[in-house]
Amino acid sequence: MNKSGANIASAHIPYIDGLRGIAVLAVIIYHLNSSWLPGGFTGVDIFFTISGFVVSLSIAKKQRLNPADFGSSFYARRILRIIPPLLACLTLVGLAVVLFIPYGALSSGIEVTMKHAFFGISNLVLMKSSDDYFGPMSEFNPFTHTWSLGIEEQFYLIFPILFYWWTITDRNSRLRYISTSLFALFFTLSITYAWWSSLAAPSVAFYSIFSRFWELAAGVILYQVTATRYEHPDLDSRSKSSLGIWISLVLVILGLLFARPDRFPFPWALLPVIGTIGSIFFLDGNKNSLVYKGLSNRFILFIGKISYSLYLWHWPIFVLFRWTVGLDSIPCYLGATALSFLMAISSYYLIERFFSQSQLARSLPKLRVISIGCVIIILSHYMTQQIFLHRLQLSFSTTAQSSWNLPKIDIGSFNKSNPNCPIEVNKKNVIGAEFTSFSRLNCQQKMSSSRLFVVGDSHAEAYQSMIQKASIEMVADVFLYTKPGCPYPDLLTPLNRPNCQQFYQYMTADILKNARQGDIMFLPSLRLRRFGEQSKSIPEKTTIAAMSGTEALKQRENAIAEAIALLKPFSKKGIKVVFEAPKPIFKSPNFRCLDWFNRMNSICERGLEVPRDTLINYRLPVMESIQKISQEVDGVKIWDPFPVLCSGDICQANKDRKPLFSDGDHISEYGSMLVYPSFEKFIRGLMQ
């Protein structure tokens, strides 16, 4: 036993568990309320650095094994340590998702993240998603936190190859420098990439192993530089610098307090990484230090020991609270935290410690442990997939009921029963936008001479079933161009959104090239400022100012002038332009507020009803804008679904216990079918 109370056989250093405890508590505080500890997310960077150090310390005792034995020993140990608690968490949380989380745009990425988390690659999925770690979709995804496990598991793929050189020689051999040099090389390449990508591609920088490798490598290099302490504890090679301890602690605290999402992981991750390295280096041999004693107290040590299970469980529990009762009050904070600790302690004692200390598992041949682990991963993945496949039967959510899931129009069945006028559906994704055509090829029936071009944001996409039905019943070719967040035109502000410009250019060129005189261009989009998002409410003053404030009026005049310029080329070609008049919108997201387990959520407080007069007055500026455009552009018309969706004095998000809207403003399939007769009559009146 050395002076720090650890040896290479046990690979356990008390104050490292203390650092783990601090790191996981920081992450928990940040996830409860980011304003309490703005840089608390850097606790994960502390974990990365500790992992690199501890895994080196634990595997260094495997001396002079052949490469196969070394690799199998390493991976068997990792499987026993990581996989059982992870699989239990993924499976049970997957079931909870199916039972309690309604399906919608906000929850659309949950299943795919979970599926990839089984194989340690959820970070790759999140990297490609449209929302980053600090955005609302990530906050409502109970598997977002598995990105860091993916980073570690990907690091472990290459770690044995780089570290093996360290174990085949004694401490005096120059061959050891091969390992250190390789880690130093990859460290340099990784931190350089982190510096570049933090500016050029922030989401990639956050989730990529290439921009995070340096954090884990820092821990490995620290071990290799200080290995004499642990291999030969009789040699007093420890630093006695109290100043070094305090400087390191200050760097960690600065990271937890001041790190920001922008420019991450470089340079903000430098603070926690350097602070963690310094803490491990200077605390060893300083048992009398106040910091050493603080990190070694029984409470922090216990938190550190259960830190892996606590990290696994706290995030999905917090997210499930957000989806159900909410996570924005003291009782909810306390309840979510208490449940997280309860699940973490259960996971630690019943699963984590059982498998990591199981003599039976340790006595099995290493390759057998690896094989069994892989089989169990595949079986757990399959079982969870089956749970999601039966979501409609298992879910407690109202959105899983039949009224929320109308049968889709089956084009294949239609074509079989109408061989003389089949519909050919073509879909393609260009520049992040969806382009779908419903063409009546080889039709022996009389077709409409007018074709329908539909352009807009996610509100146009919500009409897809109605558009398909229009193609069937009007015997017309229909072309659908949609990209979420890209209204065309907006009528509130000019179309200066960088992520929409290519969509606008492509769509305009394609329609002008292919459309002919008499064709119809239908423009459904959200042209009102929302009362709330799916993830949060928006203060009413903010919404009203965005619609009617001084700056809003100035922006609207510019938007009208832009819309006139955009639509004149279509009008000159003889294309009839149809605006969708604004539909009712609501202050709470419908799909999140209809069940016994989520009605009390604060996002539902403002209800699912709005007086008709309030909404008529609210949309008046948009109606006036369309009227001004129609005076300048020939052939502009307005189709108004409002009277169908709100026929009384109070507009409601549901009718006869069926949803008119899926959230606060997107029309549901039931709603779109309800307004279809009005739409069909209007469009037929324009067709030649």
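The crossing of helix H3 (residues 67-100) and helix H17 (residues 330-356) is right-handed, where a crossing counts as right-handed if the near helix is turned clockwise from the far one by less than a right angle, and as left-handed if anticlockwise. In this predicted model, local features need pLDDT of at least 70 and side-chain atom pairs count only at pLDDT 80 or more, whereas totals for chains, interfaces and linings use all residues. Residues are numbered from 1 along each chain as its sequence is written, and side-chain values use heavy atoms, with hydrogens and water left out. Helices (H or I, at least four residues) and strands (E, at least two) are DSSP runs, numbered from the N terminus.

H3 and H17 pack at an angle of about 145 degrees, and their axes are 8 Å apart; axes are lines fitted to C-alpha atoms, for helices over the stretch in contact, and angles run from 0 to 180 degrees between N-to-C directions. On the H3 side the contact (heavy atoms within 4.5 Å) is made by Leu80, Arg81, Pro84, Pro85 and Ala88, and on the H17 side by Ser347, Ile351, Glu352, Phe355 and Ser356. H17 also contains Ile345, which is partly exposed with a relative accessible area of 29%, given that buried means under 20% relative accessible area, exposed over 50% and partly exposed in between (1.4 Å probe, protein chains only). Residues up to four places away in sequence not counted, Ile345 touches Phe302 and Ile306, while Trp313, 32 residues from Ile345 in sequence, lies 9.9 Å from it in space, C-alpha to C-alpha.

An open sheet of seven strands with mixed pairing has the order S1-S2-S4-S3-S5-S6-S8, two strands being paired if DSSP finds at least two bridges between them. Strand S1 (424-430) and strand S8 (636-639) stand at the edges with a single partner strand each, so one side of each is left without a neighbour in the sheet. Direction ignored, neighbouring strands of this sheet are turned by 20 degrees against each other on average.

S1 and strand S2 (residues 433-439) pair in the antiparallel sense over seven bridges, with Lys427 opposite Thr436 in S2. The two strands form a hairpin with two residues between them, and Ile431 in the turn has a positive phi of about 45 degrees. S2 also pairs with S4 in the antiparallel sense, over five bridges, and here Phe435 stands opposite Tyr481 in S4. Six of the seven residues of S2 are buried, so S2 is largely enclosed by the rest of the structure. Helix H23 (residues 464-474) lies across S1, S2, strand S3 (452-456), strand S4 (478-482), strand S5 (520-523) and S8, and runs at about 25 degrees to S2.

Helix H24 (residues 501-514) has 14 residues, which at 1.5 Å a residue should span 20 Å, in agreement with its end C-alpha atoms, 20 Å apart; the expected span is 1.5 Å times one less than the number of residues. In H24, Phe503, Tyr504, Met507 and Ile511 are buried. These residues cover an arc of only 95 degrees around the axis, which puts them on the same side of H24, the arc being that of the directions from the helix axis to the C-beta atoms. On the other side of H24, Gln502, Gln505 and Lys513 are exposed. The cover over the buried residues of H24 includes S2, S3, S4, S5 and helix H26 (550-572).

For the protein as a whole, the secondary structure comes to 29 helices and eleven strands, and 56% of its 688 residues count as buried. Taken along the principal axes, the C-alpha atoms fill a box of roughly 95 × 55 × 45 Å.
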